[in-house]
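This report describes the fold of one protein chain and then turns to several of its residues. The sequence and the structure are shown first.

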Amino acid sequence: MSSFEIESWCKRQPNEKSVPMGLMHFYIGGQNRRDLEEAEAYLQNSGEDEVLVPVDYNDLDLKTPPECGPLSDCRLRVYLRKDDQRGQFHLVGHRASDGSLVYSNAMLIDALM
């Protein structure tokens, strides 16, 4: 499993700017890691821009910032960097309390341990 502490963001309305929420902590491994690697390979071969990967909650330990609270859903958005075609991902979900979009900064897939 890989452990991350990364900045998270909230966007209440589609036409509003995202606001920082603080650090999000999560551990990712097992099936989620394999799914990320498969999504990266798929994008490198398909020419598509991005893919959303459903989260296996058995392999994800997520702690959101206090002002966020629990998420009603969670996915991993995978896309390729333009300069070197390396896969990146970030966590995307919706806040259970009001449905606001919540997401993390991006990380490189090959940085997973």
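## A predicted chain and its salt bridges

The model described here is predicted. Glutamate 50 is partly exposed, with a relative accessible area of 36%. Its salt-bridge partner is arginine 77, and the closest N and O atoms of the pair are 2.9 Å apart. This pair links distant parts of the chain, since glutamate 50 lies in strand β3 (residues 50-54) and arginine 77 in strand β5 (residues 71-80), 27 residues apart. Arginine 77 also counts as partly exposed, at 23% relative accessibility.

The count of salt bridges in the model comes to eight.

| Salt bridge | Closest N and O atoms |
|---|---|
| Arginine 86 and aspartate 84 | 3.7 Å |
| Arginine 95 and aspartate 98 | 2.9 Å |

In the remaining pair, arginine 95 counts as buried at 5% relative accessibility, whereas aspartate 98 counts as partly exposed at 45%. Salt bridges that share partners also join Arg81, Asp83, Asp84, Arg86 and Asp110 into one network.

## Overall fold

Which secondary structure elements does the chain have? There are one helix and eight strands, and along the sequence they follow the pattern β-β-α-β-β-β-β-β-β.

The C-alpha trace spans about 40 × 30 × 20 Å along its principal axes. For 113 residues, a compact globule would have a radius of gyration near 13 Å, and the value of 14 Å for this chain agrees with that. Among contacts with a separation of 6 or more, 52% are accounted for by residues 24 or more positions apart.

The accessible surface of the chain is about 6300 Å², and carbon and sulfur atoms make up 49% of this area. Of the 113 residues, 38% count as buried.

## The nonpolar core

In soluble globular proteins, nonpolar side chains tend to be buried together. In this model, the largest nonpolar core has 25 residues. Those with the most contacts inside this core are Phe26, Ile28, Leu36, Leu76, Val78, Phe89 and Leu91. At least two residues of the core are supplied by each of β1 (2-11), β2 (19-28), α1 (30-46), β5 and β6. Strand β5 gives the largest share, five residues.

Apart from its neighbours within four places in sequence, valine 78 is in contact with Leu36, Ala39, Glu40, Leu43, Asp49, Glu50, Val51, Val53, Gln88, Phe89 and Ile109.

Is serine 100 buried or exposed? Serine 100 is buried because its relative accessible area of 1% falls under the cut-off of 20%. The residue is found in the loop between β6 (87-95) and β7 (101-104). Its side chain makes a polar contact with the side chain of aspartate 98, at 3.0 Å. Aspartate 98 is also the salt-bridge partner of arginine 95. Beyond its neighbours within four places in sequence, serine 100 is in contact with Cys10, Lys11, Arg12, Gly93, His94 and Arg95.

Histidine 90 has its place in strand β6 and is buried, with a relative accessible area of 9%. A polar atom of its side chain lies 3.4 Å from the backbone oxygen of serine 104. With neighbours within four places in sequence left aside, histidine 90 is in contact with Arg75, Leu76, Arg77, Tyr79, Tyr103, Ser104, Asn105 and Ala106.

## A loop residue with positive phi

Glutamine 85 lies in the loop between β5 and β6. Although glutamine 85 is not a glycine, it has a positive phi of about 60°. At 37% relative accessibility, glutamine 85 counts as partly exposed.

Technical notes
Residues numbered from 1 in each chain as written. Predicted model: local features only at pLDDT ≥ 70, side-chain atom pairs only at ≥ 80, totals over all residues. Heavy atoms only, no water. Salt bridge = Lys/Arg side-chain N within 4 Å of Asp/Glu carboxyl O. Helix = DSSP H or I, 4+ residues; strand = E, 2+ residues; numbered from the N terminus. Buried < 20%, exposed > 50% of the residue type's maximum accessible area, 1.4 Å probe, protein only. Polar contact = N/O pair within 3.5 Å; in protein donor to acceptor, adjacent residues only side chain to side chain. Contact = heavy atoms within 4.5 Å. Rg over C-alpha atoms; globule rule 2.2 N^0.38 Å. Areas by Shrake-Rupley, 256 points an atom, 1.4 Å probe, with all protein chains shown as cover. Core = buried A, V, L, I, M, F, W, Y, C linked by side-chain atoms within 4.5 Å.
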